[in-house]
Amino acid sequence: MEKTVLIVDDTAFMRMTLKNILVSNGYTVVGEGEDGIQAVNLYKKLRPSLVTMDITMPNMDGIKAIKEIIEYDDQAVIIVVSAMGQKALVIDALNAGAKDFVVKPFQPDRIAEALQKINN
Amino acid sequence: MIINECHKDLLAELASIGAGNAATALSQMLQDQVITLQVPEVKIAPLQDIPASLGDPEQEVAAVLLEASGDGVSLTVVLVLSLQAAVQLITRLLPEDCDPLGEMGSSLLMELGNILVSSYLGALSTMTGFTLRLTPPSLGLDMAGALLGSVIAEKMMLEDNFILIKNTMHAFNEDIEGNLLLLPETGSLEKIYRQMGVC
Ligand SMILES: [Mg+2]
């Protein structure tokens with residue numbers, strides 16, 4: 001089955017960085033979102049096999065978006081990629097339904113490791 | 001509130017842990033480029049001195065502004081780089097065909113601000129147990145005096161003093177200066193000190 005991903009981050013630079021890494025790991029980028037609202041709408045429309053989710057974003061933050069996506073589809077596979085590594089925020093994200101939490105900045109290997117974890 | 005020597009010591013400790021985190025983050029972004037760090041210089045000054053606090057107010061700078069808040073603490077954080085340092089970082093991080101001050105370059109500076117400020121907040125969070133969330137960054141490119149003046153013009157309820165943390169990092173055979181300005185809301189500093197239980 002084709003591996004598809006929706007990349008959600010408010011900065012174009014981070015979306016470009018993630019895109020390069022995900023494509024080289026065999027994913028097809030089917031959509032990019034700049035805030036939580038776009039993330040939820042694009043998820044429903046595209047049903048990607050993976051979502052990478054930033055936390056600090058305008059309009060709706062990543063934690064809220066994870067909750068809404070999981071409410072719509074409890075099988076959704078979401079990895080958080082955020083600069084905010086504070087413990088309480090990591091716990092919030094995992095409780096909301098994220099499968100892994102990668103702190104920015106990251107080595108490409110760290111993303112590959114997260115992908116391996118969710119594919120097992 | 002009145003900031004005494006003990007408070008200053010704590011700020012210096014916070015700045016040095018934060019700067020260490022930030023240097024690690026920056027080094028990772030730059031593909032493990034070795035970055036050496038001087039002990040950050042911490043200054044406390046009255047709010048009205050802010051426009052000239054970085055030296056020449058007419059110097060062109062790039063400033064990334066974020067608001068941090070949580071557990072009863074609110075502060076505005078501004079990361080200021082000389083335009084030259086900003087362009088240098090962008091050209092190291094972007095593909096060659098990108099315009100450093102185009103959309104991708106601006107977005108990189110905002111993400112850089114987000115990442116570096118988050119690494120400082122990580123230090124604050126570890127030292128206090130507080131959890132602080134950030135707003136999305138906004139970016140300004142202008143003369144230092146005008147930019148910083150406009151930051152305080154828009155804020156109310158600020159503490160009378162602000163905190164300036166001057167970081168000097170050494171990478172690519174050059175010194176890169178990154179200044180971090182913290183503008184706490186009234187009561188926030190006291191809350192942080194009380195939580196740490198010293199002074
Ligand atoms: Mg973000």
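**The magnesium site and the chain interface**

Tutor: The magnesium ion is held by Asp10(A) (OD), Asp54(A) (OD) and Thr56(A) (O), at 2.0 to 2.4 Å; donors here are N, O and S atoms within 2.8 Å of the metal (3.2 Å for Na, K and Ca), and water is not among the atoms, so sites may look incomplete. This is a predicted model, where local features need pLDDT of at least 70 and side-chain atom pairs count only at pLDDT 80 or more, while totals for chains, interfaces and linings use all residues. Residues are numbered from 1 along each chain as its sequence is written, chains are lettered from A and ligands numbered from 1 in the order in which they are written, and side-chain values use heavy atoms, with hydrogens and water left out.

Along the sequence, the donor spacing reads D-x43-D-x1-T. Asp10(A) is buried at 18% relative accessible area, and Asp54(A) is buried too, at 1% (buried means under 20% relative accessible area, exposed over 50%, partly exposed in between, with a 1.4 Å probe and protein chains only).

Now the interface: 27 residues of chain B are in contact with 20 of chain A, contact meaning heavy atoms within 4.5 Å. Two salt bridges link chain B and chain A, counted when a side-chain nitrogen of Lys or Arg is within 4 Å of a carboxyl oxygen of Asp or Glu. One salt bridge pairs Glu111(B) with Lys104(A) at 2.9 Å, N to O.
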